[in-house]
Amino acid sequence: MHMSKVRIAVAGASGYAGGELLRTLLSHPSVEIGALTAASNAGARLGTVQPHLLPLADRVLEETTVEVLSGHDVVFLALPHGQSAGIAEQLGDEVVVIDCGADFRLADSAEWQRFYGGPHAGTWPYGLPELPGLREELKGATRVAVPGCYPTISTLTIGPAVLHGIVDPEVVVVAASGTSGAGKAPKAHLTSSEIMGSVTAYGVGGVHRHTPEITQNLARLTDKNISVSFTPLLVPMARGILATCSAPLAGTWATDAAHDVYVEAFEDEPFIHVLPEGQWPQTQSVIGSNAVQIQVAVDAMAGRLVAVGAIDNLAKGTAGAAVQCMNLALGLDETAGLSSAGVAP
């Protein structure tokens, strides 16, 4: 029996996340791309703002309204924080709504208030199927909150060590990201003069909005109290995140034993690749793919585990994760339209 194609709409199609969603969906065997919407770019041809999306170049961006978005099987929301709830509540329960923003990621409304401000819209099934128990929640879900890019790689990189008791969960994360994570809107500190040949830290001292999300994820894995010290770095590249996560060892561990735990933890995961010992993740290897590369070592002198992970912040960090969640929600092959092969050099 020939299945009809899944009709999808993308709100925020002119931004980086929206563009990556469309690039990914163009190679999805079960998808038909419907309405594409934008705010200030409404009325423009997609080709003028996303010139790399040649098959869709002549599509005209429409206003982001419920009228335009309704009538689709799946609606992806790639909108600024705070804009998803109003649209989602007007789309019927039969529509699968996948939010790439932060509005529905946090379970604790006090944490939302503290880090984002304004009323908390609620909590949706969390789109990180590699976390224990979450894949089942995503199957058949009609609402999905796609994780933040930093929480995705930080959680996956240190998660097995927390789950299997290799470390005490006093976690330090230093993660370097490309500039696309800040979105497409022009910002003075992201001009090439400011970023070329320079690395800078930001959101230092526990104030970055992804900190409570990382903490929330790790709390699913252990009964111990979690602390997360998260420092993001902005590095002069367009896309990719390299996260270095460390925590104090709980007991005596050698690198090969820790490595074995990681290999076993992720052996059934289609997109997570624990590299052979001695080979370390690099962002170049995952660009343009939904792959996650991870490596781990025991620093015996410091009594710490050090784990390093790499993703493409726009792919597994946003759009690839969104498509992976759509596949689960609709009962499609989880890997449909997604690749583990990156683009290099």
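Student: Which strands does helix H9 lie across?
Tutor: Helix H9 (residues 211–219) lies across strand E7 (170–177) and strand E9 (227–234), and runs at about 135° to E9. Helices (H or I, at least four residues) and strands (E, at least two) are DSSP runs numbered from the N terminus. Axes are lines fitted to C-alpha atoms, for helices over the stretch in contact (heavy atoms within 4.5 Å), and angles run from 0 to 180 degrees between N-to-C directions. This is a predicted model, where local features need pLDDT of at least 70, side-chain atom pairs count only at pLDDT 80 or more, and totals for chains, interfaces and linings use all residues. Residues are numbered from 1 along each chain as its sequence is written, and side-chain values use heavy atoms, leaving out hydrogens and water.

Student: And what does H10 lie across?
Tutor: Helix H10 (residues 255–266) lies across E11, strand E12 (292–299) and E13, at about 155° to E12.

Student: What's the strand order in the sheet of 7 strands?
Tutor: That open sheet runs E8-E9-E7-E10-E13-E12-E11, with mixed pairing. Two strands pair if DSSP finds at least two bridges between them. The edge strands, E8 (200–201) and E11 (272–274), each pair on one side only.

Student: How do E10 and E13 pair, parallel or antiparallel?
Tutor: Antiparallel: E10 (residues 241–248) and E13 (residues 304–311) share 8 bridges. Cys-245 stands opposite Ala-307 in E13.

Student: Switching over, what about the sheet of 6 strands?
Tutor: This open sheet has parallel pairing and the order E3-E2-E1-E4-E5-E6. Its edge strands are E3 (62–63) and E6 (143–145). Helix H1 (residues 16–25) packs on the sheet, touching E1 (6–11), E2 (31–38) and E4, and its direction makes about 160° with that of E1.

Student: Which residues have the most contacts inside the largest nonpolar core?
Tutor: Ile-158, Ile-166, Leu-218, Tyr-262 and Leu-305, in a core of 40 residues. Helix H7 (residues 149–163) gives the largest share, 7 residues. A second, separate core has 35 residues, including Val-6 and Val-323. A nonpolar core is a set of buried (under 20% relative accessible area, 1.4 Å probe, protein chains only) Ala, Val, Leu, Ile, Met, Phe, Trp, Tyr and Cys residues joined through side-chain atoms within 4.5 Å.

Student: Last one, how many helices and strands are there?
Tutor: The protein chain has 11 helices and 13 strands. Buried residues make up 53% of its 345 residues.

Definitions and conventions
Buried < 20%, exposed > 50% of the residue type's maximum accessible area, 1.4 Å probe, protein only.
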